[in-house]
Amino acid sequence: MERQLMKERNAFLKKALETPLEVKKRPQVPPPPEPPKKKVPKSLASDPHAYKTVSGGSQYKFGVLARIVRHMKTRHQDGDTHPLSIDEILDETNQLNAGPKVKQWLVVEALPNNPKVQEVEGKYLFKPPLPVRDRKSLLKLLRQHDMKGHGGVLLDDIQESLPHCDKVIKQLDKEILRVVRQTDKKQIIFYHDKGINFPVEKEFQQLWRNTSVDGLQDDNIDEYLNKQASCHGLASLYSPSGIKSMQDTGPKVKPIRKKSRKGRSRATKISDNEHMQHVLQTYDDV
């Protein structure tokens, strides 16, 4: 039995070796066609960096916008206040190579939504933080801030808003006060009201500077000032009664009362013949 199986096995192997195997090749997939190459303008062929800017990436677009805002600010500070069209802006900033997509983005989205730019009849101007144009308007603004209790104005905002700022500030040197803010070392310009100049002792100046009410609610400021004053023996200066008396120093107007008409008797109507009673006679008996 085993011999028979061995013969069959050997015969099968011999036949398998004589029969050639057919190997099927996988069909070859053709490679995808290459995208057409963009034609590079002759003016940009020698400058690969310039060719990258034409693509209109987000970084490039915001770079164009930042350059425009800086140019508009410089124009305003130099006294050029007439508006410019988008083509004039790109020409003055040497950015005429900006593509149509970048230009459309500037007109539709970037410039209208920029807080430093204002649109006037399809053209664009720099939008200053303060409405000042000359020496008189700046002095008027500082005076209004002082009268309304708004304090001073940042010198940075004045420099950004006022054309020829350094020259104007120098002219107003005797009418303004400069104070350096301790938190960020920025200068603040105040109106110098010469009508309220009076000497203040250094002790009170030190108390004023050392007493800070930052972070306190309005309801807690009175209590805090009373505590600080009591520590220095000055409780009467911050007492609620003292503050109230200062608030009620205005003239009091008495209300006008209307006189009542009660008790007044109306005049009785006089007959036409009443003044002839001593002359006329009656004829009741006849």
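In what order do the 3 strands of the open sheet stand? The order is S3-S5-S4, and the pairing is antiparallel.

**Figure 1. The protein chain as a whole in the predicted model.** The secondary structure of the chain comes to 12 helices and 5 strands. The chain has 286 residues, and 21% of them are buried. Of the contacts between residues at least 6 apart in sequence, 52% join residues at least 24 apart. The pLDDT averages 77 over the protein chain, and 69% of the residues score at least 70. Over residues 43-55 the pLDDT is below 50, and this stretch has 9 contacts in the model beyond near neighbours in sequence. Residues 236-250 also have a pLDDT under 50. For residues 236-250 the model has 10 contacts beyond four places in sequence.

**Figure 2. The open sheet of strands S3, S5 and S4.** S3 (153-154) and S4 are the edge strands, each with a single partner strand, so one side of each has no neighbour in the sheet. S3 and S5 run antiparallel and are joined by 2 bridges.

**Figure 3. The hairpin of S4 and S5.** Between the two strands lie 6 residues. Lys185, in the turn, has a positive phi of about 65 degrees. Lys186 forms a salt bridge with Asp156, with an N to O distance of 4.0 Å. Lys186 lies in the loop between S4 (176-180) and S5 (187-191), while Asp156 belongs to helix H8 (residues 155-161). The two residues are 30 residues apart, and the pair links distant parts of the chain. Lys186 is partly exposed, at 34% relative accessibility. Asp156 is partly exposed as well, at 37%.

**Figure 4. The salt bridge between Glu92 and Arg75.** This pair belongs to a structure that holds 6 salt bridges. The closest N and O atoms of Glu92 and Arg75 are 3.8 Å apart. Glu92 is in helix H5 (residues 86-92) and Arg75 is in helix H4 (residues 58-77), so the pair ties together parts of the chain 17 residues apart in sequence.

**Figure 5. The salt bridge between Lys103 and Asp87.** The closest N and O atoms of this pair are 2.6 Å apart. Lys103 lies in helix H6 (residues 100-110) and Asp87 in helix H5. The two residues are 16 residues apart, and their pair links distant parts of the chain. Lys103 is partly exposed, at 30% relative accessibility. Asp87 is partly exposed too, with a relative accessible area of 43%.

**Figure 6. Asn114 and its contacts.** Asn114 is part of the loop between H6 and strand S1 (117-120). Is Asn114 buried or exposed? With a relative accessible area of 15%, Asn114 is buried. Leaving aside residues up to four places away in sequence, Asn114 touches Leu65 and Val69. Both numbers fall in the range given for H4, which covers residues 58-77.

**Figure 7. The second largest pocket.** About 420 Å³ of space lies in this pocket. Which residues lie nearest the centre of the second largest pocket? They are Arg181, Gln182, Arg209, Ser212 and Asp214, out of 13 residues that line the pocket. S4, S5 and helix H10 (202-210) are the elements that give two or more residues to the lining. Two of these elements, S4 and S5, are also the strands of the hairpin.

Conventions
Residues numbered from 1 in each chain as written. Predicted model: local features only at pLDDT ≥ 70, side-chain atom pairs only at ≥ 80, totals over all residues. Heavy atoms only, no water. Salt bridge = Lys/Arg side-chain N within 4 Å of Asp/Glu carboxyl O. Helix = DSSP H or I, 4+ residues; strand = E, 2+ residues; numbered from the N terminus. Buried < 20%, exposed > 50% of the residue type's maximum accessible area, 1.4 Å probe, protein only. Pairing = 2+ DSSP bridges. pLDDT = per-residue confidence, 0-100. Contact = heavy atoms within 4.5 Å. 1 Å grid on protein atoms, 1.4 Å probe; cavity = no way out; pocket = protein on both sides within 12 Å on 5 of 7 lines; lining within 4 Å. Points joined across faces, edges and corners; volume = space filled by probe spheres on them.
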